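Hi,

Here is the structure I promised to pass on. Have a look first, and my notes follow below.

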Amino acid sequence: MHVTIHRQSIGGLPSYNGRLRYDIQHTKYLNEELQDRVLAALDILPDGGNVCHGDFHPGNVILTKAGPVVIDWMTASPGNVWTDVARTNLLLGIGAKRAGRQVNLIIRALIRLYEQTYLNRYQALVPDTRDQLRQWMPVIAAARLTEDIAPEREALIKMVNEG
């Protein structure tokens with residue numbers, strides 16, 4: 001589904017990179033030096049005109065008799081497909097970690113399996129020949145800090161620092 005979405009182009013909306021830049025500039029959890037480093041990384045990453053959902057995860061897919069339907073297009077924008085894949089990867093990975101003891105060990109393992117299956121399938125259909133997913137992860141993590149989700153904060157800052 002995500003590849004099918006990404007194969008479409010879109011215009012007339014603010015770019016994904018522009019939205020990320022705004023979020024990174026407005027987070028209170030990065031010092032100026034780290035913020036500058038992430039923005040410099042964003043400046044060299046490719047933008048694009050493909051449809052990016054901006055919040056693609058299983059909770060935004062409804063299974064209907066006619067097949068799966070993607071909902072919650074509020075953050076859709078034109079961008080680079082790997083930006084959107086990085087966001088999905090972050091949501092799946094950090095979601096399992098954030099659930100912690102609140103979610104059964106088996107459920108957490110299934111979330112991790114889903115995350116890996118998603119990435120393997122996406123990369124089988126769209127090979128990441130330029131290692132873009134890895135490059136986008138600290139940028140996406142920095143932008144996610146603006147959402148101010150306390151249980152995620154430490155892991156996100158660690159991702160930014162390691163990027």
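Let me start with what I mean by a cavity: on a 1 Å grid over the protein atoms alone, it is a set of points where a 1.4 Å probe fits but cannot get out. Grid points are joined across faces, edges and corners, and a volume is the space filled by probe spheres set on the points. One thing to keep in mind is that this is a predicted model, where local features need pLDDT of at least 70, side-chain atom pairs count only at pLDDT 80 or more, and totals for chains, interfaces and linings use all residues. Residues are numbered from 1 along each chain as its sequence is written, and side-chain values use heavy atoms, with hydrogens and water left out.

**The cavity**

There is one cavity of 30 Å³ or more, and the largest cavity holds about 30 Å³ of space. Its lining (residues with an atom within 4 Å of a point) consists of Y29, R144, L145, D148, I149, E152, R153 and L156. By class, that makes four nonpolar, no polar and four charged residues; here Ala, Val, Leu, Ile, Met, Phe, Trp, Tyr, Cys and Pro count as nonpolar, Asp, Glu, Lys and Arg as charged, and the others, Gly among them, as polar. Helix α7 (residues 150-162) contributes the most to this lining, with three residues. Helices (H or I, at least four residues) and strands (E, at least two) are DSSP runs, numbered from the N terminus.

**The core**

A nonpolar core is a set of buried Ala, Val, Leu, Ile, Met, Phe, Trp, Tyr and Cys residues joined through side-chain atoms within 4.5 Å. Buried means under 20% relative accessible area, exposed over 50%, and partly exposed in between (1.4 Å probe, protein chains only). The largest such core has 36 residues, and L20, I24, W136 and V139 touch the most other members. At least two residues of this core come from each of α1 (2-6), α2 (16-25), α3 (32-44), β1 (50-52), α4 (81-99), α5 (105-125), α6 (132-144) and α7. The top contributor is α6, with eight residues.

If you zoom in on L20, its contacts (heavy atoms within 4.5 Å) beyond four places in sequence are L42, T83, W136, V139, I140 and A143.

N17 is in helix α2 and is buried, with a relative accessible area of 10%. Not counting residues up to four places away in sequence, N17 touches L42, L45, P46, D47, T83 and W136.

N89 is in helix α4, and its 10% relative accessibility is why N89 counts as buried. Leaving aside neighbours within four places, N89 is in contact with E115, L119, L133 and M137.

**Aromatic rings**

I found two aromatic pairs. Rings of Phe, Tyr and Trp (its six-membered ring) pair if their centres lie within 6.5 Å; planes under 30 degrees apart count as stacked, over 60 as edge-to-face and the rest as tilted. W82 and Y122 are edge-to-face, at 5.3 Å centre to centre with 75° between the planes. That pair links distant parts of the chain, with W82 in helix α4 and Y122 in helix α5, 40 residues apart. Y118 and Y122 form a tilted pair, at 6.2 Å and 45°. Because Y118 and Y122 are four residues apart in helix α5, about one helical turn separates them.

Cheers

Technical notes: 1 Å grid on protein atoms, 1.4 Å probe; cavity = no way out; pocket = protein on both sides within 12 Å on 5 of 7 lines; lining within 4 Å.
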